Amino acid sequence: MKIVFMGTPDFAVPCLKTLAESSHEVAAVFTQPDKPRGRGNKMIPTPVKAAAVEYGFDVYQPLSLRKGEDAENSMKVLRDIAPDLIVVTAYGQILPKEVLELPKFGCINIHASLLPAYRGAAPINWVILNGETETGVTSMQMAEGLDTGDMLIKKSTKIGENETYEELYARLSAMGGEVLSETLAAIENGTLSPEVQDDSLSCYSPMITKEMSALDFSKTAALIHNTIRGVTGFTMLEGKRLKVLGSVLSDKSAPDAENGEIVDTEAFGVKCGDGKIIFFTEVQAEGKKRMGTADFLRGKKLTKGDILGAEG
């Protein structure tokens, strides 16, 4: 098949790799425009562009596929290519109807959830934030709605109790390539059995905001743990910002301590709203590198009874 790939972040790279190593023709790669990064505002290519250039694929970076000169030029490119299929993985743009209807086999999307649950922009964060124990990847025939098209191939995986967003992201990214490979084979063999999504089982996973990372120690230990795993938590320690990148739950409790109180200085244990103690396993102090708690405590003496979250 002649395929056009659309994707942007590193999550999409395994899908592009799957196509590059297949017998299919990758006629073009569409990705978001380069963005300035760092102190020098140097223009940095998207991970998908960097990979596409290595493979020698033609790359297009329109600002929009829906309006303006970029959209018109992109449609001309796509019509000239006349792809059999468009594969989309975390592209970051909404495809207009004329693009969806252009290829012989339509457009398929590789989505990081077990649809119809967790439609939207941040499914990996939200399955962790909500304490789910299972997720996966779904290939879907794209329609005009947000992640509402017929489901094609699903692959599920268990979520570890302490697994972080970064870890799950990497696993689902690799799984995306596997699901794409199975989907392409089923298209070629004519063995796909599209399944209509049950909208009553759907939920939305909106964009993550910075405010969501603030740790509220009046909440239960489980909710705080899920925040740390899902979006990287932060709190204030002696007036300075402290990122919390890993944690574990425990059976220990400190019912007489205040919420957010440091109750264990040997292993950085903090009392939560339900009386239970949560232990931080990886942190990053302001202006420092991330490190395991044991390394952090070698250079920082905690004071039992101090309250996290206070500005002073």
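Q: Let's start with strand pairing. Which residue of strand 9 stands opposite N109?
A: The general idea is that strands of a sheet pair through backbone hydrogen bonds, either parallel or antiparallel. In this predicted model, N109 sits across from M140 of strand 9. I110, in turn, faces S139 of that strand.

Q: In which sense do strand 7 and strand 9 pair, and over how many bridges?
A: Strand 7 (residues 107–111) runs antiparallel to strand 9, with four bridges between them.

Q: What about strand 9 and strand 10?
A: Strand 10 (residues 151–158) also pairs with strand 9, in the antiparallel sense and over seven bridges.

Q: How do I read the whole sheet, and in what order do its strands come?
A: Follow the pairings from strand to strand. Here you get an open sheet of seven strands, ordered 5-2-1-6-7-9-10, and the pairing is mixed. At the edges are strand 5 (59–60) and strand 10, each of which pairs on one side only.

Q: Which helix packs on that sheet, and which strands does it touch?
A: Look at helix 6 (residues 165–189), which touches strand 1 (2–7), strand 6 (85–89), strand 7, strand 9 and strand 10. The direction of helix 6 makes about 150° with that of strand 10.

Q: Is strand 9 (residues 134–141) largely enclosed or open, and why?
A: Count its buried residues. Six of the eight in strand 9 are buried, so the rest of the structure largely encloses this strand. For the protein overall, buried residues make up 46% of the 312.

Q: Let's move on to helices. How do helix 1 and helix 2 cross?
A: Two packed helices are described by the angle between their axes and the distance between the axes. For helix 1 (residues 13–20) and helix 2 (residues 47–55), the axes come within 9 Å and the crossing angle is roughly 20°. Angles under 35 degrees count as roughly parallel, so that is how these two helices lie to each other. The crossing of helix 1 past helix 2 is right-handed.

Q: Which residues make that contact?
A: From helix 1, V13, L16, K17 and A20 meet P47, V48, A51, A52 and Y55 of helix 2. Sorted by class, that contact has eight nonpolar residues, no polar ones and one charged.

Q: Zooming out, how many helices and strands are there in the protein?
A: You'll find eight helices and 17 strands. The C-alpha trace spans about 70 × 45 × 35 Å along its principal axes. Among contacts with a separation of 6 or more, 65% are between residues 24 or more positions apart.

Terms used: Residues are numbered from 1 along each chain as its sequence is written. This is a predicted model: local features need pLDDT of at least 70, side-chain atom pairs count only at pLDDT 80 or more; totals for chains, interfaces and linings use all residues. Side-chain values use heavy atoms; hydrogens and water are left out. Axes are lines fitted to C-alpha atoms, for helices over the stretch in contact, and angles run from 0 to 180 degrees between N-to-C directions. Angles under 35 degrees count as roughly parallel, over 145 as roughly antiparallel, 65 to 115 as roughly perpendicular and the rest as oblique. A crossing is left-handed if the near helix is turned anticlockwise from the far one by less than a right angle, and right-handed if clockwise. Contact means heavy atoms within 4.5 Å. Ala, Val, Leu, Ile, Met, Phe, Trp, Tyr, Cys and Pro count as nonpolar, Asp, Glu, Lys and Arg as charged, and the others, Gly among them, as polar. Buried means under 20% relative accessible area, exposed over 50%, partly exposed in between (1.4 Å probe, protein chains only). Two strands pair if DSSP finds at least two bridges between them.
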